[in-house]
Amino acid sequence: MIITRLSYGKDLISETERVCEEKRIKTGWFIVIGALKNLTYGFYDQNLREYKRISYKRHCEITSCTGNVSILDNKIFVHAHINFADKDGNVKGGHFFSGEIFAAEILIFDYKDTLTREFDKETNLKLWKI
Ligand code: ZN
């Protein structure tokens, strides 16, 4: 298990991947709290089988961010979802693409086996090979 703080100004997804590489975590689960300066999140349209991307260019609180780590194309890949609150306490969320860190505290649980992702034709997503 790893507990650390991610760097100010960096992208939360890239920073999580960097920490996993540094700590040699190929598969795991994580949770994050903190604050972002702006982010891109989205919704997977199950009929169109594609993501709708939404940009949020304001400061916000991460009320919940959770995700997993696995291997895609021989590289560490982070899949995360996020809920965040604006200054009035309104919460939005969805699939988390990217977000510039103001502050981020992360807890990563590593898993002894390695899970890899592969293309799944039913969903058009790269899902865990099980
Ligand atoms: Zn997702």
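What follows is a short chat about a predicted model of one protein chain.

Student: What helices and strands are there in the chain?

Tutor: The chain has 1 helix and 8 strands. This is a predicted model, so keep that in mind throughout.

Student: In what order do the elements run from the N terminus?

Tutor: The order is β-α-β-β-β-β-β-β-β. The chain is as compact as a globular protein of 130 residues, because its radius of gyration of 15 Å is close to the 14 Å from the globule rule.

Student: What does the C-alpha trace span along its principal axes?

Tutor: About 40 × 40 × 20 Å.

Student: How many of the 130 residues count as buried?

Tutor: The share is 22%.

Student: And contacts between residues at least 6 apart in sequence: how many join residues at least 24 apart?

Tutor: That figure is 66%.

Student: On to the core. Which residues of the largest nonpolar core touch the most other members?

Tutor: Val32, Leu36, Ile62, Cys65, Ile82 and Phe84 do, out of 22 residues in that core. At least two core residues come from each of helix 1 (12–22), strand 2 (28–45), strand 4 (60–72), strand 5 (75–85) and strand 6 (91–110). In soluble globular proteins, nonpolar side chains tend to be buried together.

Student: Take Phe84. Which residues does Phe84 touch?

Tutor: Leaving out residues up to four places away in sequence, Phe84 touches Leu36, Leu39, Cys60, Glu61, Ile62, Thr63, Val91, Lys92 and Gly93.

Student: Now the helix. Which residues are buried in helix 1?

Tutor: Leu12, Glu15, Thr16, Val19 and Cys20 are buried there. They lie on the same side of helix 1, because they cover an arc of only 140° around the axis.

Student: What about the other side of helix 1: which residues are exposed there?

Tutor: Glu21 and Glu22 are exposed on that other side.

Student: And what covers the buried residues of helix 1?

Tutor: The cover includes strand 1 (2–6), strand 2, strand 4, strand 5 and strand 6.

Student: Which residue just after helix 1 takes a positive phi?

Tutor: Arg24 does, at about 60°.

Student: Let's go to the loops. Where is Asn47?

Tutor: Asn47 sits in the loop between strand 2 and strand 3 (50–56).

Student: Is Asn47 buried or exposed, and why?

Tutor: Asn47 counts as exposed because 5 C-beta neighbours lie inside 10 Å. The cut-off for exposed is 12 or fewer.

Student: What separates the C-alpha atoms of Asn47 and Asn68?

Tutor: They are separated by 25 Å, with the two residues 21 apart along the chain.

Student: And where is Asp86?

Tutor: Asp86 is in the loop between strand 5 and strand 6. Asp86 is partly exposed, with 13 other C-beta atoms within 10 Å.

Student: Which residues does Asp86 touch?

Tutor: Arg58 and Cys60, not counting residues up to four places away in sequence. Asp86 and Arg58 are 28 residues apart along the chain, and 8.0 Å separates their C-alpha atoms.

Student: Which residue in strand 8 stands opposite Arg117?

Tutor: Trp128 does.

Student: What is between the strands in that hairpin?

Tutor: The hairpin of strand 7 and strand 8 has 4 residues between the strands. In that hairpin, Asn124 takes a positive phi near 65°.

Methods: Residues are numbered from 1 along each chain as its sequence is written. This is a predicted model: local features need pLDDT of at least 70, side-chain atom pairs count only at pLDDT 80 or more; totals for chains, interfaces and linings use all residues. The radius of gyration is taken over C-alpha atoms; the globule rule is 2.2 Å times the number of residues to the power 0.38. A residue is buried if 20 or more other C-beta atoms lie within 10 Å of its own, exposed if 12 or fewer, and partly exposed in between; C-beta atoms are placed from the backbone. Two residues are in contact if their C-beta atoms, placed from the backbone, lie within 7 Å. A nonpolar core is a set of buried Ala, Val, Leu, Ile, Met, Phe, Trp, Tyr and Cys residues joined through C-beta atoms within 7 Å. Two strands pair if DSSP finds at least two bridges between them. The arc is that of the directions from the helix axis to the C-beta atoms.
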